[in-house]
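Take a walk through this protein with me.

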Amino acid sequence: MIMKTNLGEFYYSEYGEGEDYVIVFLSGMGINSAYYDFYNLVRMLPKKKVKLITLDLLGEGLSGYPKREKRNLETISSEINTFVNNISCKKVLFCCHSFSALYILYLLNNRKEFLMNYEIVGFIGIDPTGPSVMKHFMNEFDCLLEEALDAQQKKKQGLTFEIGDDDINPLLPPNEFQKCKVIYSNLMGNKWQIATISKAKQTIMKLLDESVIDIPTLCILSSLNSEDYKKYGNQYFNNNRMSMEITLNSHHYVHWKQLNNVASIIGVFLNQII
């Protein structure tokens with residue numbers, strides 16, 4: 001489905017029958033599509049009491065290009081807020097993989113600055129990017145930027161660029177896998193991806209002192225990164241009695257590697273809230 005706004009056209013998909021609660025799924029930074037990344041997970045989660053929405057950010061996945069040139073923390077957070085303001089459910093949980101968690105962290109800590117006709121009642125992070133952790137690994141953004149610029153240069157030279165299979169949800173049906181591969185290959189190295197990556201370090205530094213304080217949170221961490229969270233702190237975990245932090249044996253895409261476990265854990269978490 002398409003939602004037209006003055007900021008751009010959002011692509012989203014809806015699942016479930018819930019009228020009071022909605023979970024909005026957001027993918028990582030750059031080119032990813034929440035539709036493809038969470039394709040299997042949303043089909044396994046309970047849908048009677050909650051509506052599930054996969055949202056592709058502007059300039060990413062299946063969404064249209066953003067009308068705002070800036071791709072910084074404030075702009076992208078504002079775009080997410082605009083989308084959510086225009087859906088019917090007003091009690092919202094965000095399920096974020098990787099970098100998208102930062103935009104929700106910003107929304108949560110700057111609610112007074114946004115016009116919000118909804119309430120954020122929970123946060124689910126799947127190996128969410130933690131500012132206190134990423135402060136020590138800023139060179140990863142340099143590598144991401146180098147890859148994007150290399151893809152851009154190849155395309156300018158008329159060369160064919162094809163994204164690697166490792167960056168695509170391996171659980172997709174074959175036809176969807178091929179569609180996703182084409183979309184990601186076409187998006188790789190575009191100016192929106194490059195602009196977003198270029199602001200990533202600035203985003204991390206702005207959120208170093210922020211944390212999720214009052215709402216229930218679920219953090220599903222990968223064994224790949226869990227030790228870094230222990231060492232530098234998890235800004236998404238808090239003392240709310242319903243909050244949970246769980247580590248699963250996995251790479252960064254925990255919801256692919258450990259699909260059944262992730263679905264089961266999220267189901268338990270939702271039963272506490274809804």
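Start with charge. The protein chain carries 28 positive and 30 negative side chains. The centres of these two sets lie 4 Å apart. Keep in mind that this is a predicted model.

Now look at the fold. The secondary structure of the protein chain comes to twelve helices and eight strands. The radius of gyration is 17 Å, close to the 19 Å that the globule rule gives for 274 residues, so the chain is as compact as a globular protein of that length. Along the principal axes, the C-alpha atoms fill a box of roughly 55 × 40 × 40 Å.

Which parts of the sequence meet? Take the contacts between residues at least 6 apart in sequence: 79% of them join residues at least 24 apart.

Next, the surface. The accessible surface of the protein chain is about 12,200 Å². Carbon and sulfur atoms account for 48% of that area. Of the 274 residues, 59% count as buried.

Step inside. The largest nonpolar core has 52 residues. Those with the most contacts inside this core are Val24, Leu26, Ile80, Phe83, Val84, Phe94 and Ile104. Which helix gives the most to this core? Helix α4, spanning residues 100–109, does, with eight residues. Helix α4 is mostly covered, since nine of its ten residues are buried. Among the buried ones are Leu102, Ile104 and Leu107. Ser100 is buried too.

What does Phe94 touch, leaving out residues up to four places away in sequence? Its partners include Val24, Leu26, Ile80, Val84 and Ile104. Tyr118, Ile120, Gly122, Phe123 and Ile124 are also among them.

Finally, turn to Leu145. This residue is found in helix α6, which covers residues 139–156. Is Leu145 buried or partly exposed? Buried means under 20% relative accessible area. Leu145 has 22% relative accessibility, so it counts as partly exposed. Not counting residues up to four places away in sequence, Leu145 touches Ile194, Ile197 and Ser198. Leu218 sits elsewhere: it is 73 residues from Leu145 along the chain, and their C-alpha atoms are separated by 30 Å.

Definitions and conventions: Residues are numbered from 1 along each chain as its sequence is written. This is a predicted model: local features need pLDDT of at least 70, side-chain atom pairs count only at pLDDT 80 or more; totals for chains, interfaces and linings use all residues. Side-chain values use heavy atoms; hydrogens and water are left out. Helices (H or I, at least four residues) and strands (E, at least two) are DSSP runs, numbered from the N terminus. The radius of gyration is taken over C-alpha atoms; the globule rule is 2.2 Å times the number of residues to the power 0.38. Buried means under 20% relative accessible area, exposed over 50%, partly exposed in between (1.4 Å probe, protein chains only). Contact means heavy atoms within 4.5 Å. Accessible areas come from the Shrake-Rupley method with a 1.4 Å probe; for residues, only the protein chains shown count as cover. Lys and Arg count as positive and Asp and Glu as negative; His and the chain ends are not counted. The place of a charge is taken as NZ of Lys, CZ of Arg, CG of Asp or CD of Glu. A nonpolar core is a set of buried Ala, Val, Leu, Ile, Met, Phe, Trp, Tyr and Cys residues joined through side-chain atoms within 4.5 Å.
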